[in-house]
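User: Got a model here and I'd like to go through it with you. Can we start with the contacts between chains?
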Amino acid sequence: MAVIPEIKETTLSLNAIDKTYDMGVEQVHALRGVSLDICRNEYIAIMGASGSGKSTLMNIIGCLDSPSAGAYYLEGENVAAMSENQLSEIRNRQIGFVFQTFNLIARASIFHNVELPMIYGGIPRGERRRYAEEAITRVGLNDRIKHKPNELSGGQRQRVAIARALVFNPSIILADEPTGNLDSRTGGEIMGILDELHAAGQTIILVTHEEEIAQHASRVIRLKDGEVESDLRVDDTDACIAPSESLHLVGGATS
Amino acid sequence: MRFALDLIESFRMAIDAIRANKARGALTTLGIIIGIVAVVLTLTAANGLRDTFRQSFSAVGSDVIYVSQMPWIMMDDFFNYRNRPPIDLKQARELESKLQGRAIVNPYLGERRDAKYRSEIMEGVQIIGTTEKQLHMSSAVPATGRFLQPFDVTYKKQVCVIGSEIREALFGSANPLNQMVKLGRTEFRVIGVMEEQGGSFFGDGPNFDRQITIPISSFVKAYGGRHGRLNVDLAVKAPSSESMEMVEYMVIGEMRNIRKLRPTEDDDFAINKLDTLIDTFNNMMGVVLLVGLLVTSISLFVGGVGVMNIMFVSVTERTREIGLRKAVGARRSSILFQFLFESAFICLLGGLIGILLSAALTAVINATLMPASVSVLILVIAVVVSLTVGVVAGFVPAYRGARLDPIEALRYE
């Protein structure tokens, strides 16, 4: 994991990740030797058909799952060897999830939904209030702070989810089909917010099957049968020195 | 800090969850309410019985030893006791002189006779022949008139002191003093009325209010010839309750001497104490309490199963929420506590309602059946029991929730 300071810091680095599910008689190889380096402030789209292993890859990057083999360094720490409680802490501090189905707690107010990660992170009340209000303002919902999720539209709910994801200033925002349940106009709004966050320096990983959504990213990684099929850089502004394999692919695509 | 916040969040979500499902919560608490009412009432009833028992013997001094031919509570074949030689007046006087200055000895004899005043008759009244020393043996004193005096005993006076119930039955509102009552075939002049002592716990047990006391000498004269043999009971009062044990040894030693027992022979008399009676009562109460608590535990168990069931529902319907919480950093313990709090709350709520309900029922019991009151200890027990049921019943569902795989949980429909 060679870090070249004058270029960019590597945020996460996957090295020969395998994930095998034991389905009784046969073993399913969801991921086969996936290696990736992702740098700070990259905007990445992970694409692939269903069964390509993109969900599995997302779960591993999100520290919801551990790889069967290989090393996963997140902010310099080997996450692959961590205990469940350590993984909770990593998810809490480093990862901000945005789900297709929003996954807000229906009984709790917008404010409480957004402050939830900080509660589990042990942040005192006063700071929680400040950060949560800040995050809610960033997604433009400061007038809905006391509302319940069922009083909001789908787009607004997804904004709450984004506020929740970014409130703890995570290393990565991991958005799994963030516009999947929205119409194209609201979907566009949500992508607009993600673009803004990226412009402000946030590392974002999108998981999607829509080409249109993937267009927002500056690098598109395609998976097929548990392997990286292609790793294309749309524009080089965010690029870091990546492993030779992906350089090769980038070169192949542009020629 | 992190753990404290976890707990606060768990607490808050638990309350939210209960508030969101009021009807379900109310129905679930019902089982716990019934269980807690059963616990509180069982304990309260046991306390009430014990108090009633103590009260009915309050007139019997706890520092008095009773020496009799037979024990109050027979652990052996009745005929083994029956064949013992009776204690006669001569032995009573001997013990009295041996213990002179160390303890007060008061002999007494009892018979049942009809008591008659003019046209009023009370059947089978307990007639006690004793001496003026009876006054040392209990806290009872005459309400009007006087008690026996030494000269009543010495001169075999035909006088009597009556209990409060006797006065009521025979004299009504009339003044009984100096009236003649017929006890069996002999007439006695009423010289005093004892103050009310309160009823007896046992239906046929000693009831001082339904008793007539006469000089022991007059008793022997009036009723002694009938069976030929007298069987005297002796009350021995120790100078203090601390010296009771010593006095008991002394009494046993002297009685063995007086009755000329060889060292190898067993005592052929019985030492009776209020303590023995209380012990026996407590043993009996223990069994009653045990059965009561067994029934109670069954109802609590049923209530607990209800809570467990609802908690499984609660965990299942919030599977996605659990997944989300885990995704944003909740540990297993956070989830575990969230659901444990919820079930503990439901049960605590049931417990508190149960306590209020039992307090109301206790007031009714107090007014109708027997003196009863809910003590602080019982309240503490009720709260602890309901919390315990909550935690125990909630544990398996909460643990299952805590163990959920976040990926599976997030995908749950």
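User: How many salt bridges between chain A and chain B?

Analyst: Five salt bridges, each a side-chain nitrogen of Lys or Arg within 4 Å of a carboxyl oxygen of Asp or Glu. This is a predicted model, where local features need pLDDT of at least 70, side-chain atom pairs count only at pLDDT 80 or more, and totals for chains, interfaces and linings use all residues. Residues are numbered from 1 along each chain as its sequence is written, chains are lettered from A and ligands numbered from 1 in the order in which they are written, and side-chain values use heavy atoms, with hydrogens and water left out.

User: Which side chain does A:Arg107 meet in a salt bridge?

Analyst: That of B:Glu321, at 3.4 Å, N to O. The pair crosses between chains: A:Arg107 is in the loop between strand 6 (95–98) and helix 3 of chain A, and B:Glu321 is in helix 11 (residues 319–327) of chain B. Helices (H or I, at least four residues) and strands (E, at least two) are DSSP runs, numbered from the N terminus.

User: And how many residue pairs in polar contact across the interface?

Analyst: The rule finds 10, both residues at pLDDT 80 or more. A polar contact is a pair of N or O atoms within 3.5 Å; within protein, one must be able to donate a hydrogen and the other to accept it, and residues adjacent in sequence count only if both atoms are side-chain atoms.

User: Which helix of chain A gives the most to the side that touches chain B?

Analyst: Helix 3, with seven residues.

User: How much area is buried between the two chains?

Analyst: About 2500 Å², with carbon and sulfur atoms giving 55%. That is the accessible area (1.4 Å probe) lost on putting the two parts together, summed over both. A:Leu64, A:Arg107 and A:Tyr120 supply 31% of what chain A buries against chain B, more than any other three residues.

User: How many residues does the contact take from each chain?

Analyst: 28 from chain A and 29 from chain B, with contact meaning heavy atoms within 4.5 Å.

User: New topic. Which residues lie nearest the centre of the second largest pocket?

Analyst: A:Ser55, A:Met58, A:Asn59, A:Asp176 and B:Arg411, out of 30 lining residues. On a 1 Å grid over the protein atoms alone, a pocket is an open set of points where a 1.4 Å probe fits, with protein on both sides within 12 Å along at least five of seven lines; lining residues have an atom within 4 Å of a point.

User: Which helix gives the most to that lining?

Analyst: Helix 1 of chain A, with five residues.
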